[in-house]
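Visitor: Hi, I have a structure open and some questions about it. Can you walk me through it?

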Amino acid sequence: MCGIVAYLGDKQAYPILVNGLHRLEYRGYDSAGVALVTAGELKVYKCQGKVAELEAHVNGQDRSGTVGIGHTRWATHGQPNDVNAHPHVSTSGDLALIHNGIIENYAAIKEELLHRGHRFRSETDTEVLVHLIDDIRSSENMDLPNAVRLALESVVGAYAIVVLDRTNPDMLVAARKSSPLVVGVGENGEHFLASDATPIVEHTRNVVYLEDGEMAVIERGKGLRVLNMRNQEKTPFVQELEMHLEALEKGGYDHFMLKEIFEQPRSIRDSMRGRLNLAQSEVVLGGIKDHEQRFVNAKRIIIVGCGTSWHAGLVGEYLFEDLARIPVEVEYASEFRYRDPIIHEEDIVLAISQSGETADTLAAIEMAKSKGATIIGICNVVGSSIARVTHAGSYTHAGPEIGVASTKAFTAQVTVLTLMALMIGQRRGTLAASRFHQLINELDSIPAKVEKVLANDAHIRYIADIYRNATNALYLGRGYTFPVALEGALKLKEISYIHAEGYPAAEMKHGPIALIDEEMPVFVIATKGASYEKVVSNIQEVKARKGKIIAIVTEGDTVVKGIADHVIEIPGAPDCLVPLLSVVPLQLISYHIAVMRGCNVDQPRNLAKSVTVE
Ligand code: G6P
């Protein structure tokens, strides 16, 4: 969602803030702003649009000062415009505040504050916070940390906030609840605050992740204090960041998304590193070792996630049922959390999330936890909220994913799910030793096979060019590749704004077939495997209605080649590993079509990378 960055130290704050906002822009990009204290004056610059527009707006104006806050927004309450952009300023003009999250009871607080003479400028929920803090501070004659703490007591909702005070440029106060906040501890007493570590890593590797219900008070000369909402201080736990700066750069690619698609041979390999032991014929997942037995004895696995992570969960359903013979339910976290679902203590809840911050997934975890289930996380971002609230888990190790449309995170999630299902299947005795051995060797060869798929990029681009002007598209798959069809359709609609639907191939005749005409591209995953002949029949059904078929086929296939308009070959693999290969050409098709249509591939309209509001 929104991106937050703040600085207090001996350097000029503005360049650090703007650079940080560029790093955070993937979290939200409809407006941006900064606030600085310069010679006793509060300077606030903000505008609709991207960070580059903010820079143009600030150009030529006074931007000096060694303390400041910055924000890049994804609108919830109030349109993206100059006024609604953060930071928001109190009526007295003393406080500026940035916020990520939603204040649910803002209307009631606003009414009270209006009676007390505060003037509201924006339509945001955020603005109530800055007035409330200022009101408490002046009426109770309180210092800023206490005023923030007291104000937050009356707030219902989710927040990460940072407050800057014109009257005390030697202090920043921050707080979090259900929305992430990281403190960077730099040199010479300087400190950074940010909604994730990406703006911090180039300045320091030492970070403190704030827990829910914690506040950070940073004071020049005194350093960092971490307090809870009862005003009790705790010793900050300083950790070393594992992130590398190159991972945050495009590295010669035109877009992060393309870089991340091409990184997949490495990221899949990294997901398996140290976990796949071919010599001993075993899979070891250190992060879930202590809960392995519960997993092995599980009566049911419930997988929760959102977006692409939910699609990975669907692949997980096939994997666990096929290899470990455990019944699986896959749930949208947003539905699951409000459904009062039946959860038993013998259930394993697998929560999948790239960011580890998705609000609905977090809430689903908390709910399942309260009912006694064992919660296992599959997250990409190390130290993220989901990684911390789960009982155990496995990181995907895909490295930072910056493109809003998820690519390498998906294949890393599927890789980890495959490892888990193989491990549990072996322990449960549902997988014959010979099949287990064959599958782990096949899994080991997947990175090299993904390389081969990527080598076909020019051909994929050629096909993309033919369908760049489509208005609709259909994606079909069956069995293990049905979730891949959903993911292919999601990729296309996310970044090219072409309406696309994913369907189980056989289900097409119960509705979507009515849409098929000579204009309709139908992407079909028709690889050799259990459903091959049936999918070939589905292709015939499309062709009989003059639809255009673009088929993902196994190398050397001649049957589909004879019927389809275009084929994209991928190397052969067992059914359960085909998702890892077949999704790659679909990612590339979407990427190329979006670029050809002039779309902003890395920052598609209306979307955000990390959805920290429900
Ligand atoms: C957003 C992103 C998607 C992502 C989904 C779930 O909608 O745009 O790419 O799949 O959130 O995010 P998570 O971080 O939980 O995987």
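Visitor: What should I know about the model and the numbering?

Guide: This is a predicted model, where local features need pLDDT of at least 70, side-chain atom pairs count only at pLDDT 80 or more, and totals for chains, interfaces and linings use all residues. Residues are numbered from 1 along each chain as its sequence is written, and side-chain values use heavy atoms, with hydrogens and water left out.

Visitor: OK, what's the strand order in the open sheet of five strands?

Guide: The order is β24-β23-β25-β26-β27, with parallel pairing. Strands here are DSSP E runs of at least two residues, and helices are H or I runs of at least four, numbered from the N terminus. Two strands pair if DSSP finds at least two bridges between them.

Visitor: And which are the edge strands?

Guide: β24 (499–504) and β27 (566–570), each of which pairs on one side only. On average, neighbouring strands of this sheet are turned by 20° against each other, direction ignored. Axes are lines fitted to C-alpha atoms, for helices over the stretch in contact, and angles run from 0 to 180 degrees between N-to-C directions.

Visitor: What does helix α17 pack on?

Guide: Helix α17 (residues 482–496) packs on that sheet, touching β23 (472–477), β24 and β25, and its direction makes about 175° with that of β24. Contact means heavy atoms within 4.5 Å.

Visitor: How many bridges join β25 to β26?

Guide: Five, between residues 521–525 and residues 548–554, with the two strands running parallel. V522 stands opposite I549 in β26.

Visitor: Switching topic: how big is the largest pocket?

Guide: Its volume is about 840 Å³. It has 40 lining residues, and M243, N380, V382, G399 and P400 are the closest to its centre. A pocket is an open set of points on a 1 Å grid over the protein atoms alone, with protein on both sides within 12 Å along at least five of seven lines; a cavity is a set where a 1.4 Å probe fits but cannot get out, and lining residues have an atom within 4 Å of a point. Grid points are joined across faces, edges and corners, and a volume is the space filled by probe spheres set on the points.

Visitor: Last one: is C576 buried or exposed?

Guide: C576 counts as buried because its relative accessibility is 3%. The cut-offs are under 20% relative accessible area for buried and over 50% for exposed, with partly exposed in between (1.4 Å probe, protein chains only).
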